[in-house]
Amino acid sequence: MFDDKELILEAKHITRRFPASGGRKLTACNDVSLKFYKGKTLGLIGESGCGKSTFMRFLVSLDSPDEGQILFKGKDLTKLKGEELRQMRQHIQMVFQDPGSSFNPKMKVRDIICEPLLNFGRIKKSEKDAVARKYLEMVDLSGDFADRFPHNMSGGQRQRVAIARAIALEPEMIVMDEATCALDVSVQKTIIELVCRLQKEKHIAIGFIAHDLGLIQSFAHQVAVMYLGNIVEIIPGENVQKAQHPYTQALLSAIFDTRMDFHKKIESIDSEIPSPLDVPVGCPFQTRCEHCMEICRKESPLLKTIGENHEIACHLFKEEH
Ligand code: SF4
């Protein structure tokens with residue numbers, strides 16, 4: 001399912017620590033390694049503050065890690081500077097949670113969509129109207145939206161414009177940061193359908209950040225679960241129901257579904273997530289894990305393969321050979 005010939009971006013051993021008061025360090029990402037493939041979606045899931053957005057910002061060069069490499073078609077993005085970095089940015093675009101705040105409110109939709117194309121000299125000013133209409137229609141909006149301002153549109157329409165702007169540069173990868181969480185559930189569904197259609201047509205790799213495992217498992221080809229800056233499980237999207245890590249299982253149990261068995265106990269994680277300034281030695285999930293053993297308080301579990309495209313960081317499991 002994941003062919004290395006289709007590998008487009010590989011993050012290797014990404015670590016980022018932020019200085020905090022009292023000389024302490026906040027570890028936002030700890031040795032994170034993930035692979036992104038052409039035409040496939042990797043869903044990155046975890047609670048607020050787990051480091052998923054920090055990680056994805058590295059992929060679009062909005063920030064740099066302290067350690068590690070981000071290899072995009074063989075080039076390490078963390079080493080690029082100046083014009084080389086600017087040119088590379090065309091290939092990896094980002095869609096934010098709230099396009100309303102990332103758009104210039106004084107710009108019409110036509111200018112919002114065409115701005116990056118003009119910046120990279122891809123079109124002439126005289127072509128703006130036709131180009132904006134083409135991309136608006138691609139995201140199922142009427143070409144007449146080109147004359148609107150962002151505040152004259154609904155949240156779902158603004159998100160479609162954000163997607164139109166992102167695909168206008170014909171990128172090879174798009175990072176979507178909680179791109180649907182501010183929308184009504186019915187609108188969320190139509191935006192996900194749109195993203196899936198565009199991905200099929202254009203063979204784009206997508207990195208999709210979310211905190212809703214139920215949503216992610218409906219369309220992601222692989223799902224990576226993050227906890228306190230660590231990847232604790234990577235599993236094919238179609239197998240998410242078979243996830244084994246105690247944290248992923250707790251997330252699964254908490255998914256609300258009208259077809260769920262209401263007699264079955266909902267497993268909850270009783271305690272609060274520890275502060276990222278105070279991550280315990282050993283397994284980061286130990287303070288909330290009902291299976292915690294002595295080794296979990298001493299040794300940090302490394303990711304090991306326990307099935308096809310299935311990796312887990314937990315001392316309960318042995319590597320499959
Ligand atoms: Fe629980 Fe130990 Fe596995 Fe961590 S390593 S999830 S504490 S069993």
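Contact here means heavy atoms within 4.5 Å. With that in hand, here's a quick tour of some helix packing and a few individual residues. The model is a predicted one, where local features need pLDDT of at least 70, side-chain atom pairs count only at pLDDT 80 or more, and totals for chains, interfaces and linings use all residues. Residues are numbered from 1 along each chain as its sequence is written, and side-chain values use heavy atoms, with hydrogens and water left out. Helices (H or I, at least four residues) and strands (E, at least two) are DSSP runs, numbered from the N terminus.

**Helix α4 against helix α6**

- Helix α4 (residues 109-119) and helix α6 (residues 155-168) have axes that come within 8 Å and cross at roughly 25 degrees; axes are lines fitted to C-alpha atoms, for helices over the stretch in contact, and angles run from 0 to 180 degrees between N-to-C directions.
- That makes α4 roughly parallel to α6 (angles under 35 degrees count as roughly parallel, over 145 as roughly antiparallel, 65 to 115 as roughly perpendicular and the rest as oblique).
- The crossing of α4 past α6 is right-handed, a label used if the near helix is turned clockwise from the far one by less than a right angle, with left-handed for anticlockwise.
- On the α4 side you'll find Val 109, Ile 112, Ile 113, Glu 115, Pro 116 and Leu 117, and they meet Val 161, Ala 164, Arg 165 and Ala 168 in α6.
- Sorted by class, this α4 and α6 contact has eight nonpolar, no polar and two charged residues (Ala, Val, Leu, Ile, Met, Phe, Trp, Tyr, Cys and Pro count as nonpolar, Asp, Glu, Lys and Arg as charged, and the others, Gly among them, as polar).

**Helix α5 and its partners**

- In helix α5 (residues 128-138), the buried residues are Lys 128, Val 131, Ala 132, Tyr 135, Leu 136 and Met 138; buried means under 20% relative accessible area, exposed over 50%, and partly exposed in between (1.4 Å probe, protein chains only).
- Looking down the α5 axis, these buried residues fall within an arc of 155 degrees, so they line one face of the helix; the arc is that of the directions from the helix axis to the C-beta atoms.
- They pack against α4, α6 and α7 (185-202).
- With α6, helix α5 packs at an angle of about 115 degrees, the axes being 9 Å apart, and the crossing is right-handed.
- Tyr 135, Leu 136 and Met 138 of α5 make that contact with Val 161, Ala 164, Ile 167 and Ala 168 of α6.
- By class, the α5 and α6 contact comes out as seven nonpolar, no polar and no charged.

**Two buried residues**

- Arg 160 belongs to helix α6 and is buried, at a relative accessible area of 13%.
- Leaving aside residues up to four places away in sequence, Arg 160 touches Val 139, Asp 140, Leu 141, Thr 190, Ile 191 and Leu 194.
- Arg 160 and Thr 190 sit 30 residues apart in sequence and 10.0 Å apart in space, C-alpha to C-alpha.
- Thr 41 is in strand β3 (residues 41-45) and is buried, with a relative accessible area of 2%.
- Again not counting residues up to four places away in sequence, Thr 41 touches Gln 199, Ile 206, Phe 208, Phe 219, Ala 220, His 221 and Gln 222.

**Positive phi values**

- Most residues other than glycine have a negative phi.
- Asp 140, which follows α5, has a positive phi near 65 degrees.
- His 13, in strand β1 (residues 7-19), has a positive phi near 55 degrees and is partly exposed at 48% relative accessible area.
- His 203, in the loop between α7 and β8 (205-210), has a positive phi near 60 degrees and is partly exposed at 41%.
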